[in-house]
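Please read the following report alongside the sequence and the three-dimensional view.

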Amino acid sequence: MPRQRILRTTCIASFLGAIMPQTAHAHGQIAGIGDFYGGVLHPLYSPSHIVLVLVLGLHLGQTAVKNFKSALPAFLIMSAIGLFVTLVADVAPIDQPILLGLALATACLVMLENSASPIITAVLFGTSGLLIGLDSSVEGGSSSSVVKSLIGTWLMLAYVIFMLGAALATLKKHWQRVGIRVVGSWVFAISLLVLAFAVKKG
Amino acid sequence: MRYIMNRQISRGSRSMRNLTSIERFSLFSTLALLCLPGLAFGHADVGSAGGFASGFTHPLTGLDHIVAMVAVGLWGAFLGAPALWVLPVVFPAIMAVGGAIGIMGIPIPGVEVGIALSGVILGVMVALAARPPLWIAAILVGFFAIFHGHAHGTELPHSANPLTFAIGFVIATGLLHMCGIAFGLLTRWRIGRVAVRAGGAAISLIGCGFLFGVL
């Protein structure tokens, strides 16, 4: 059906365009590109955020019917809260293993194509959103520039996870659903390896 | 011809007019997003980009790893559904378990022998067009995946960005696997089956070369 194909292609193209590999930056505004735009790009500079949002999007796409109305709003609300907290308080960056632990748990659900109850999924998405928000603090700049940056960050997170979930939800063929599970297993592998690094280092 | 073109154009126009608002939003926002200027990469071997590049090339540096990954894909295609999709889902996960064991410094005896044997045995399975029950195939592949993962885990450089290294490494391994599956899809033709089985025999010979120290 052309409509579904347009929507799916659009969503996938925009996700791929958004995650073009960038050099990682520490937490701070990117000089010279404006506060709002810097905030929009911020999630794309953290590989752990990308991995977590990717696997959340995969799960959302797999279980769209059950979770679009609960998990997605939970993510959006909690990420907004997390970002707001960084505005009013000094928040230390969230350890990468914590984010990847959530990615690992979600990847297990994706691999098994298993949907937990909507409440558990909402809690998972909400927790992930909150931690991503808390890990997206902006250093330096005036209050208004920080606010613009945080709004840009939230909009980017919302856009990416919605588009990814919507695009993947339109995939109905067996091999496409298998592909989602394969990518989920890759995220599982990546998260497990990095967690092992963290345990060894710690 | 003009009639056909006009029909196609009007069909396209009808499609665009019939888009819902969310679809129009998606299209325009895609265009806007693709206009975002990416940061130009300078020299690749720094930071996350360098970690990704190192991780991506790491599985490609060992012929013994490459042939085994391809053999898993070949065998999966040969076995058909559901092995065709079970193996690509399960293999990276089990390999990561082996990798985690290697990173933690827990030794596994005979890792190099296990890796060489994986090429031999998986190659033989493909060459003989063996179709054991799925659980046997999964156990065999999982067993060898632990060895491969462990070898990569102990070899992972400690100075690289571990996350981007892991991303590159897992993607490269998965793509090798997919190459095997793609090659294995030739089995739908008779000549393809011969080619795939010959490929399995070649993999087995390479595995023997590593096992006996020739390679």
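In which helix of chain A does A:His59 lie? A:His59 belongs to helix H3 (residues 47–62) of chain A, where helices are DSSP runs of H or I with at least four residues, strands are runs of E with at least two, and both are numbered from the N terminus. This is a predicted model, in which local features need pLDDT of at least 70 and side-chain atom pairs count only at pLDDT 80 or more, while totals for chains, interfaces and linings use all residues. Residues are numbered from 1 along each chain as its sequence is written, chains are lettered from A and ligands numbered from 1 in the order in which they are written, and side-chain values use heavy atoms, with hydrogens and water left out.

A:His59 is buried, with a relative accessible area of 0% (buried means under 20%, exposed over 50%, and partly exposed in between, with a 1.4 Å probe and protein chains only). Leaving aside residues up to four places away in sequence, A:His59 touches A:Asn67, A:Thr106, A:Leu109, A:Val110, A:Asn114, A:Ser115, A:Thr121 and A:Phe125, a contact being heavy atoms within 4.5 Å.

Two packed helices are described by the angle between their axes and the distance between the axes. The axes are lines fitted to C-alpha atoms over the stretch in contact, and the angles run from 0 to 180 degrees between N-to-C directions.

| Helix pair | Angle | Axis distance |
|---|---|---|
| H3(A) and H6(A) | roughly 25° | within 9 Å |
| H6(B) and H9(B) | about 155° | 7 Å |

H3(A) and H6(A) are therefore roughly parallel to each other, whereas H6(B) and H9(B) are roughly antiparallel; angles under 35 degrees count as roughly parallel, over 145 as roughly antiparallel, 65 to 115 as roughly perpendicular and the rest as oblique.

In chain A, the residues of H3(A) that meet H6(A) include A:His59 and A:Leu56, and those of H6(A) include A:Thr106 and A:Leu109. In chain B, the contact is made by residues including B:Val113 and B:Gly123 of H6(B) and B:Arg197 and B:Phe210 of H9(B).

Chain B as a whole has 9 helices and 0 strands. Buried residues make up 46% of its 215 residues, and among contacts in chain B between residues at least 6 apart in sequence, 82% join residues at least 24 apart.
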